[in-house]
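Hi,

Here is the structure I promised to pass on. Have a look at it first, and then read my notes below.

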Amino acid sequence: MRAFTHSVPRALMLAVTRALLPAVPRVLMLAAGLSLTLASCRAQLNTDGTDIQLSVRIKDSWSQNATKIAYSGVYGEHTEFETADYFGLFVLDENEVIQAANKKVYCSGIDNKGNTVWSIFKEGSGEGSSSNHTLAEMLERGHQYFAYYPYDEAYDAITELAQLQAVVGNFGANLPKNQSASFTACDFLVASNIPGCEYGEVTVEGKSVSLVLGHTFAMLRLLVPSGATKYSYIFDGSDFTPCKVGSSGGMDELRYIFVPGCILSLSFKYVLDDKLYKLDTGGWSSLFPIITEGGHCYYVDESAVKIPYSVGVDMGTSVMWAPFNLGVEDNDEATPENAATFAGTIVMWGANTISSSYGSTAYKNYNSSFTLGTPPSELPIGYDYSGNVIYDSASNLWRGKWRTPTIAEWKELFSACTYVSDSKKIVFTSKITGNTLTFPFAGYYDSGTATSTAIGYYWSSSASTTDIAKASSTFFKSGGAPTENKNANRYTGLPIRPVFTR
C-alpha cells in the first residue's frame, strides 16, 4: 500500500462499515433508543371484527440529502419515518393480478404507545384524511406485496406484474455519474415477495403483514483534505463526481450513490498545494474483492474497518476465521492465491500495534510508555484481552468485529478439523464444512531474527493461568498434532490469525 504525506490518510481502508457518519441535518438524524419496529396500523373490518395490522421497518441503512433514512452506525438500529412520509404499496392476489396499484400509504401520526400509524391516503382530501378500512381490505385480500419508499406517482401507470418486476431493475439505470449537486430521489427502499423482484422481506401471518424495506443502492464515502481539487476520480472503471456534503477537522466529506453488485474498485486522484495525491484500492481489490451490497456505506477513512467480514472462513466453529494473517493485506506481493503463505505482522502479546523489535527490552520499553491502562506485562494471570483495542492488535488494526482468538477458540478449531503439516505450514480441513485454512510457520521472535522457523506459533489472547510472565499460543510442527503452548513469554513476537464472532 502507498504511504501519504501531510494530512492525507496513510493507508486506504475500504470496507463494510458500522462506523458513525458525521452530522447530517436534524431531520435525518436517528435518535438513540428508537424502536426497531417502525410502523403499526390497526384497522377494524366490518366482516368478522378481526384486526388487520401492518408493520414496517428498514434494514441497515445510510443517509443522503432529503431522505428520511439515517445511518446510525450501530448495527441493528434503525430510523423512524415521520408524519406525512409516504411509501407506495402494491397488492396482488393469488393469481398475480394487481388488486391495489401504487396506493399512497402515509404516516398519519404516533399513537399513545409510541408506534407510527400508517394509513392509505385518500385522494382529494387533506393530508389528515384517511381510510383505515380501505387499507385493511387491501391487506386482507393480498397474496403478494410490493412496497417501496419514497412514493412516486409515476408508478400509477403500472397495471401488470411484469411492469412491477421491472421497477427494481430499472430504478438505478439513470443514476447520474456526476452527483456534485444534491439530489433527493437517490434512496429506493423495497420490500417485495413477488417472484423476479424479491427484495427486503415480506411476512404475512394471518391478518398481519410485516414489511422490511431494503435498500437497492449503496454509498461510497470519501474524506479528503479541505481545499483539494479533483484530478481524476474513477470508480468501477468509470469517471464519477461525488457530492460534497460537509467539512470537519480540515477534511471534506464526499459521497457517491451507486448501484451495488460491482467490485469496489477505486482510483481517486486530487491536487493539494500543487501536489498530486492518489488513493486507490491497489492490490486489495484482488486480494479480497469486496462485492458491494445494497444499504451499505463503503468509505475511505483512516479509522475504517480494514478487512471486510465477508472474507471470514466458516470452519464450523463458533467464530469465523480470517483466510490470512494480520498484516498480509499490506504486503505488496500478496495475491488471493498466495496470501496464506505470508506470516504478516509480528506482535508481542498484548501490544496493539506493529513493533520493529521484540524481546524483553522491547517489551519493557513498550510497557513503560503505556498510558491507557494496565501495561500488558502486568495483566493478571488468566486475563483475556480478545476484542479489547487497548491490547488487541487485530481489533486495533482491522477494527470492526475482528479480534485475536482465545486459546479456547484455537482448541475448538483443532477439534473441528483434520490436518496435514510439513516443515513450512499446517493445513486444517473442517470436518463440518469442508473449508480449509493454511497457517504458515514463522517461528518466534525474541529479537529481530526469527527462531525455530519450522514451528508454527500463533498468539492467543489468553494469558497463562499460572505465570504472569507467560501467555498461551499454538504449537504446530511437521507430523505433530496441533496443541497449546503454555510457556510463551509475553515479550515474544508471534503472528496473529484474526477471528470474529458469527
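Let's start with glutamate 253, which you'll find in strand E14 (residues 251-258); helices (H or I, at least four residues) and strands (E, at least two) are DSSP runs, numbered from the N terminus. Before going further: this is a predicted model, where local features need pLDDT of at least 70 and side-chain atom pairs count only at pLDDT 80 or more, while totals for chains, interfaces and linings use all residues. Residues are numbered from 1 along each chain as its sequence is written, and side-chain values use heavy atoms, with hydrogens and water left out.

Is glutamate 253 buried or exposed? Glutamate 253 is buried, at a relative accessible area of 5% (buried means under 20%, exposed over 50%, partly exposed in between, with a 1.4 Å probe and protein chains only). Its side chain makes a polar contact with the side chain of arginine 221, at 3.4 Å. A polar contact here is a pair of N or O atoms within 3.5 Å; within protein, one must be able to donate a hydrogen and the other to accept it, and residues adjacent in sequence count only if both atoms are side-chain atoms.

Next, helix H4 (residues 360-368), where Ala362, Tyr363, Tyr366 and Asn367 are the buried residues. Looking down the axis of H4, these fall within an arc of 130°, so they line one face of the helix (the arc is that of the directions from the helix axis to the C-beta atoms). Thr361, Lys364 and Ser368 are exposed, on the face of H4 turned away from the buried side. Strand E20 (347-348) is included in what covers the buried residues of H4, with contact meaning heavy atoms within 4.5 Å.

Now the aromatics. Rings of Phe, Tyr and Trp (its six-membered ring) pair if their centres lie within 6.5 Å; planes under 30 degrees apart count as stacked, over 60 as edge-to-face and the rest as tilted. That rule gives 34 aromatic pairs. In one of them, the rings of tyrosine 366 and phenylalanine 370 have centres 5.8 Å apart and planes at 50°, so the pair is tilted. Both of these residues, tyrosine 366 and phenylalanine 370, are buried. Tryptophan 402 and phenylalanine 500 pair edge-to-face, 4.8 Å centre to centre with 90° between the planes. Tryptophan 402 lies in the loop between helix H5 (393-398) and helix H6 (407-416) and phenylalanine 500 in strand E31 (residues 499-501), so this pair ties together parts 98 residues apart in sequence.

Cheers
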